[in-house]
Structures are given as structure tokens and as C-alpha cells.
Amino acid sequence: MLNKKLVNMILIGMFAALMAVGAYIKIPTPYVPITFQLFFAVFAGLLLKPFSALLSQLIYMLIGLIGIPVFSAGGGFSYVFHPTFGYIIGFCVTAFIISVLIARVKEITLTNLVVIGVIGYGATYVIGNLYFYMIMNLVVRKPMGLLSVFSFMLAFMIKDLILIIIAAMAASSIIPILRRSGYLSI
């Protein structure tokens with residue numbers, strides 16, 4: 001039987017890799033492609049302990065910032081000036097918040113998982129939309145009002161809400177298995 005630390009390291013690496021995969025499962029649109037990254041960030045938060053969930057997302061972000069093209073539009077440090085980089089920061093916060101909240105829930109129910117997923121989802125979109133607004137206005141110099149950014153992102157937010165429900169449904173089956181096997185103590 002594998003020890004818990006090894007399994008944890010494997011899961012951290014797997015979720016970092018899934019973030020890169022999620023970036024490349026995309027439908028291109030102006031400025032913000034439709035991807036599956038938030039799904040994997042939420043899933044990491046639902047299945048990993050807080051530090052591990054955060055670490056999986058930070059590893060993904062750092063791999064992209066050193067120049068490996070794992071982001072939806074490439075990689076490299078200059079990506080911090082890309083309008084969508086705020087969502088990548090948001091993924092880190094989302095995974096951490098969700099994991100912290102899951103650890104405090106006594107009973108794992110689909111409703112609890114969806115509510116917690118939506119809270120994390122909110123963090124990604126608040127951080128990402130504010131960053132998008134800032135970059136569009138200060139760097140790209142295509143003025144957009146903050147309300148316009150939220151309106152522009154509405155279709156993405158609806159898609160991600162549906163994916164959160166799917167992630168919660170899957171996690172509601174996986175979490176009890178991980179608990180019984182001893183790899184998850186939440």
C-alpha cells in the first residue's frame with residue numbers, strides 16, 4: 001500500500017497537470033477562451049487538503065510563469081500582463097477556500113459540495129474580473145467598465161456553474177471512497 005505522503009504528492013502533481021490539460025480543452029473567444037480550468041481548480045479543492053489544493057494550483061501557475069506554455073494562451077512571465085492572468089490567481093484562491101470549507105463540513109452532501117464550490121467559484125470570478133478590468137484599462141488600453149467585464153463574463157460564469165455541479169456530483173462519490181481508504185480525513 002502506498003503511503004499517504006506519496007499519494008498526496010501524486011494528487012498534487014495530477015491536479016497541476018489537469019490544470020494544463022484544462023487550459024488546452026478550449027474554445028477560443030476574444031480575450032478569454034472557454035476552458036475547463038475552473039472545473040479542475042474546484043475539483044482539487046473538493047478532493048485535496050488545503051495546502052495541497054493550493055500547492056497544486058501554485059505549481060501550475062509557476063510552471064506557466066517560467067515559460068512552459070501551460071496557460072490557454074502560452075506561458076512566460078509576461079503573462080501577468082494578459083487580461084486572463086487574474087483567473088489563474090483566482091484558481092489558487094478557489095482551490096484553497098473550497099478545501100478549507102470542505103474540511104469544516106461534518107457531512108458531505110451534494111448540496112454542501114455545490115454551495116462550497118459556488119463560494120470558491122465566486123472568488124475566481126471576483127479576482128479574475130477585477131484583474132481583467134485593470135489590465136484592459138491600464139495595459140491593453142481598451143477601456144471597459146467593471147459592469148461590462150462582469151456582463152462579458154456572464155456566459156463563462158454560467159458554463160462554470162454547470163461544471164461545478166458536475167464536479168460536486170463526482171466528488172460526492174469519490175470523497176467517501178478516499179475517506180474509507182484513509183487518504184482523506186475530511
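**Note on a predicted all-helix chain**

1. Arg-141 is exposed, as its relative accessible area is 62% (exposed means over 50%, buried under 20%, and partly exposed in between, with a 1.4 Å probe and protein chains only). Arg-141 sits in the loop between H5 and H6, and its phi is near 60°, a positive value in a residue other than glycine. Most residues other than glycine have a negative phi.

2. Residues are numbered from 1 along each chain as its sequence is written, and side-chain values use heavy atoms, with hydrogens and water left out.

3. The secondary structure of the chain consists of seven helices and zero strands (helices are DSSP runs of H or I with at least four residues, strands are runs of E with at least two, and both are numbered from the N terminus).

4. For 186 residues, a compact globule would have a radius of gyration near 16 Å, and the chain agrees with this at 16 Å (the radius is taken over C-alpha atoms, and the globule rule is 2.2 Å times the number of residues to the power 0.38). Along the principal axes, the C-alpha atoms fill a box of roughly 55 × 35 × 25 Å. Of the contacts between residues at least 6 apart in sequence, 68% join residues at least 24 apart (contact means heavy atoms within 4.5 Å).

5. Buried residues account for 45% of the 186 residues. In the largest nonpolar core, which has 54 residues, Leu-46, Tyr-60 and Phe-85 touch the most other members (such a core is a set of buried Ala, Val, Leu, Ile, Met, Phe, Trp, Tyr and Cys residues joined through side-chain atoms within 4.5 Å). At least two residues of this core come from each of H1 (4-24), H2 (37-47), H3 (50-65), H4 (85-104), H5 and H7 (154-181). Beyond its neighbours within four places in sequence, Phe-85 is in contact with Met-61, Leu-65, Phe-71, Tyr-79, Val-80 and Tyr-131.

6. Eleven of its eleven residues are buried, so H2 is largely enclosed by the rest of the structure. Among them are Gln-37, Phe-40, Gly-45 and Leu-46. The buried residues of H2 pack against H1, H3, H4, H5 and H7.

7. The accessible surface of the chain is about 9,100 Å², and 76% of it belongs to carbon and sulfur atoms (areas come from the Shrake-Rupley method with a 1.4 Å probe; for residues, only the protein chains shown count as cover). A nonpolar surface patch with about 740 Å² of accessible area includes Phe-81, Tyr-133 and Val-139 (patch residues have over 30% relative accessible area and no salt bridge; nonpolar side chains, namely Val, Leu, Ile, Met, Phe, Trp and Tyr, are joined within 5 Å, and like charges within 9 Å). Helix H5 (residues 110-138) supplies the largest share, five residues. Val-139 lies in the loop between H5 and H6 (146-152) and counts as partly exposed, at 41% relative accessibility.

8. The whole structure contains one salt bridge (a side-chain nitrogen of Lys or Arg within 4 Å of a carboxyl oxygen of Asp or Glu). Asp-160 forms a salt bridge with Lys-159, with the closest N and O atoms 2.6 Å apart. Asp-160 counts as buried, at 5% relative accessibility.

Note on methods:
This is a predicted model: local features need pLDDT of at least 70, side-chain atom pairs count only at pLDDT 80 or more; totals for chains, interfaces and linings use all residues.
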